[in-house]
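Hi,

Here is the structure I promised to pass on. Have a look at it first, and then read my notes below.

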Amino acid sequence: MTSIDCELAERTVRVGGREIQVGETGSGPAVVLLHGGGPGATGIANYSRNIGELARRFRVIVPDLPGYGRSEKWIDHSDPFGYLGRSIGGLLDELGIDSAHLVGNSYGGAAALRLALDRPDKVGRLVLMGPGGVGTTRTLPTAGLNALLGYYQGEGPSRDKLRRFIREYLVFDGGTVPEELIEQRYAASVDPDVVANPPLRRPSGPLALRTLWRMDFTRDSRLRALAHPTLVIWGANDRVNRPEGGRMLADTMPNCDLYLAANTGHWVQWERAELFNTLAAAFLGD
């Protein structure tokens with residue numbers, strides 16, 4: 001499920017004293033692909049249907065976000081999106097890249113937005129697919145988001161919980177997801193270091209409200225001034241992050257285009273790979 005049709009060089013880069021695993025291929029303007037936060041997610045697996053096509057025109061950089069894959073299993077849970085943004089900005093610094101286009105799905109979309117807000121000079125264009133942190137304090141969580149956040153709670157991780165999350169909530173048509181993909185992600189999700197410190201969790205403790213506020217971009221006054229050309233692609237049947245979030249971003253950001261993909265869930269780049277590849281390559285290549 002992670003095979004791609006191009007050569008991919010992989011290495012570990014030390015950023016702020018912690019290790020980030022990175023895959024790289026292609027040449028041209030730098031494009032960083034940031035994966036979602038579901039159990040067992042990794043950069044290469046999440047973008048297996050996109051890397052080869054984008055590498056025809058771009059230098060494609062695919063990290064495992066902190067807490068996932070072969071990157072170090074640590075997250076600052078008091079400001080998770082801020083930490084992810086700093087980590088990706090630091091990665092670009094270490095790679096000697098002055099500015100890169102960012103492509104982010106869900107959790108990765110939130111990381112991309114936060115980096116653009118905190119260090120706008122490091123970001124060229126943005127492509128966001130169902131990004132996290134859009135209006136999250138203005139309504140109750142979806143059933144899909146609850147399933148994601150509850151994966152490590154209760155009786156703990158299991159194949160059945162992961163299978164249900166992927167087939168019922170992550171995609172529009174669960175029958176398209178092979179069992180091999182579920183097995184692959186389950187194996188990654190039960191890494192002892194991940195189980196001991198799940199990267200995506202509900203904020204808790206005395207500063208929980210402050211953390212929740214930080215994690216909602218619609219509460220950040222800087223969003224209205226974020227002038228980076230942005231393409232938001234949202235699955236019309238997204239059961240994790242509500243499609244209404246796309247309209248919120250389009251109404252707030254001054255240079256934001258919105259594409260609503262029919263018969264598509266939360267995993268646009270996998271479910272509608274040909275559509276996504278065409279839209280992303282055209283937008284980033286302008």
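How many aromatic pairs does a search of the whole structure find? It finds six. Rings of Phe, Tyr and Trp (its six-membered ring) pair if their centres lie within 6.5 Å, and planes under 30 degrees apart count as stacked, over 60 as edge-to-face and the rest as tilted.

Before the details, some ground rules. This is a predicted model, where local features need pLDDT of at least 70 and side-chain atom pairs count only at pLDDT 80 or more, while totals for chains, interfaces and linings use all residues. Residues are numbered from 1 along each chain as its sequence is written, and side-chain values use heavy atoms, with hydrogens and water left out.

Back to the rings. One of the pairs is Trp 74 with Tyr 83, edge-to-face, at 5.1 Å centre to centre and 80° between the planes. Trp 74 is partly exposed, with a relative accessible area of 33%, whereas Tyr 83 counts as buried at 12%. (Buried means under 20% relative accessible area, exposed over 50%, partly exposed in between, with a 1.4 Å probe and protein chains only.)

Phe 81 and Tyr 107 have ring centres 6.2 Å apart and planes at 70°, so that pair is edge-to-face. It links distant parts of the chain: Phe 81 is in helix 3 (residues 80-94) and Tyr 107 in helix 4 (residues 107-118), 26 residues apart. Helices (H or I, at least four residues) and strands (E, at least two) are DSSP runs, numbered from the N terminus. Phe 81 and Tyr 107 are both buried, and together with Tyr 68 and Phe 217 they form one aromatic cluster.

Arg 49 lies over the face of Trp 270, 3.7 Å from the ring centre, and the charged end of Arg 125 sits over the ring of Phe 283, 4.9 Å from its centre.

Now for Phe 58, in the loop between helix 2 (51-54) and strand 4 (59-63). Is Phe 58 buried or exposed? At 2% relative accessibility, Phe 58 counts as buried. Leaving out residues up to four places away in sequence, Phe 58 touches several others, including Pro 29, Val 31, Ala 281 and Leu 284; contact here means heavy atoms within 4.5 Å.

Next, salt bridges: the whole structure has 22. Each is a side-chain nitrogen of Lys or Arg within 4 Å of a carboxyl oxygen of Asp or Glu. In one of them, Glu 24 and Arg 11 bring their closest N and O atoms to 3.9 Å. This pair links distant parts of the chain, with Glu 24 in strand 2 (residues 18-25) and Arg 11 in strand 1 (residues 9-15), 13 residues apart. Glu 24 counts as buried at 19% relative accessibility, but Arg 11 is partly exposed at 44%.

Another bridge joins Asp 216 to Arg 219, with the closest N and O atoms 4.0 Å apart. Asp 216 is buried, with a relative accessible area of 1%, and Arg 219 is partly exposed at 31%. Salt bridges that share partners also join Asp 76, Asp 79, Arg 86, Arg 114, Asp 118, Arg 214, Asp 220 and Arg 222 into one network.

Happy browsing!

Technical notes: A charge sits over a ring if NZ of Lys or CZ of Arg is within 6 Å of the ring centre and within 35 degrees of the ring normal.
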